Amino acid sequence: MHVIEKISDIENILLYEATVLHWGKKGLYNIYGTKIINYENIPIIYATTFRNAVYFQVENVNNLNILRKNTIVRKFPKASWALISAIEVNAYIYIYSRDFKEKPGYYFINDTDIIETSISHCNFFFNENLFERCGDELTCFPLNDINVLWQISTQQFFEDTRIIKHLFGFNDYIILALENGSLIALNLSDGSLAWKCKEKTGPHYDLFNEKLYTIGGDYDTYVFWEIDANTGKIVKEIEVDLLFKRHEFYPSCDIIVYEDYIFLKSVRDGILIFRNNENMDFKEQLKFDCHIPTGKDNLIWHDKKLYVLDANKMLHIFEE
């Protein structure tokens with residue numbers, strides 16, 4: 001890949017309707033400087049995409065706005081909406097407000113409705129169920145039912161407590177990635193154990209096309225794993241020690257998977273790119289002047305272009 005452009009002073013990026021946008025203290029723009037919204041000199045404090053729309057909040061006003069096709073279609077009342085922790089639930093988003101209607105509560109909202117719900121503290125939705133993840137416990141609520149369907153603790157499956165780090169929904173399972181790298185899959189119907197993977201896998205996963213991907217191992221022995229999400233069995237196990245040493249690459253274990261490529265981030269200043277094929281062949285390394293923060297909000301692969309936002313607010317655009 002080769003660099004086709006570098007754009008400075010970019011705070012945050014997101015993909016909306018096949019266009020990469022950036023947002024922050026100057027507003028919401030496309031990456032080439034065309035302003036999307038009409039707020040003048042009012043910083044956007046958070047923005048994300050749900051249901052083919054951009055949801056965003058502005059500083060001081062702190063009301064919640066929905067942008068669809070470059071038009072603001074809804075402005076919600078001034079309140080402390082927790083957009084950063086909201087989740088998509090069918091035709092709505094599920095969101096908390098500290099002071100809407102002068103009391104704390106949870107709501108389902110969309111372009112036209114605000115519906116209060118008694119189901120609280122949930123942070124994941126899959127297959128008509130809401131989930132509350134808290135420490136080593138997971139509670140499942142059927143949508144629109146305040147009664148608990150089931151509740152588990154990871155102590156039921158291990159000798160010690162394992163904190164739940166990530167959740168994935170897949171077929172009839174809810175998959176739990178635990179802080180020590182273990183994986184367990186539970187049946188959605190009753191929370192019973194479907195499978196367990198106790199290999200020394202990494203702390204970060206990505207789910208793509210029925211497979212879970214991760215980098216794990218000891219500090220001096222790194223392994224690339226591809227795990228079957230149906231069974232928990234390791235499909236591929238590729239040692240990458242020599243590759244990492246040759247490129248002086250120190251993985252953050254942050255992994256992002258797309259149809260074409262798998263991207264691994266360094267804790268320092270690089271990204272390794274692997275082809276998403278049978279052998280996960282190594283393609284190349286990209287180097288930067290500073291590190292790339294963890295998470296999926298600063299690396300986008302779209303339309304054969306790679307957008308990488310580094311810690312110095314420089315957006316790097318690469319092309320094949």
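This is a predicted model: local features need pLDDT of at least 70, side-chain atom pairs count only at pLDDT 80 or more; totals for chains, interfaces and linings use all residues.
Let me start with Phe-249, which counts as buried at 4% relative accessibility, where buried means under 20% relative accessible area, exposed over 50% and partly exposed in between, with a 1.4 Å probe and protein chains only. Residues are numbered from 1 along each chain as its sequence is written, and side-chain values use heavy atoms, with hydrogens and water left out.

Now to the aromatic rings. A pair of aromatic rings is described by the distance of the centres and the angle of the planes. Rings of Phe, Tyr and Trp, the last by its six-membered ring, pair here if their centres lie within 6.5 Å, and planes under 30 degrees apart count as stacked, over 60 as edge-to-face and the rest as tilted. The structure holds 21 such aromatic pairs. In one of them, the ring centres of Trp-23 and Tyr-46 are 5.8 Å apart and the planes stand at 75 degrees, so the pair is edge-to-face. Because Trp-23 lies in strand S3 and Tyr-46 in strand S5 (residues 44-50), this pair ties together parts that are 23 residues apart in sequence; strands are DSSP runs of E with at least two residues, numbered from the N terminus. Trp-23 is itself buried, with a relative accessible area of 9%. Phe-249, with which I began, forms a tilted pair with Phe-244, at 5.1 Å centre to centre and 55 degrees between the planes, and Phe-244 is buried as well, at 3% relative accessibility. Elsewhere, ring pairs link Tyr-92, Tyr-94, Tyr-96, Tyr-106 and Phe-108 into a cluster.

Three strands form an open sheet in the order S2-S3-S4, with antiparallel pairing, where two strands pair if DSSP finds at least two bridges between them. Strand S2 (12-16) and strand S4 (27-30) stand at the edges with a single partner strand each, so one side of each is left without a neighbour in the sheet. Strand S3 (residues 19-24) pairs with S4 over 4 bridges in the antiparallel sense, and within that pairing the bridge partner of Trp-23 in S4 is Leu-28.

What lines the largest cavity? Its lining consists of Asp-9, Glu-11, His-22, Trp-23, Gly-24, Lys-25, Lys-26, Gly-27 and Tyr-29, and S3 and S4 are the elements that give two or more residues to this lining. The largest share, 3 residues, comes from S3. The space in this cavity is about 60 Å³.

Strand S18 (residues 173-178) and S19 pair in the antiparallel sense over 5 bridges, and Leu-176 stands opposite Ile-184 in S19. Their hairpin has 4 residues between the strands, and Gly-181 there takes a positive phi near 100 degrees. S19 is also joined by 4 bridges to strand S20 (residues 193-197), again running antiparallel, with Trp-195 in S20 as the bridge partner of Ala-185. The hairpin of S19 and S20 has 5 residues between the strands, and Gly-191 in the turn has a positive phi of about 80 degrees. Strand S19 (residues 183-187) is mostly covered, in that 4 of its 5 residues are buried.

Technical notes
On a 1 Å grid over the protein atoms alone, a cavity is a set of points where a 1.4 Å probe fits but cannot get out, and a pocket is an open set with protein on both sides within 12 Å along at least five of seven lines; lining residues have an atom within 4 Å of a point. Grid points are joined across faces, edges and corners, and a volume is the space filled by probe spheres set on the points.
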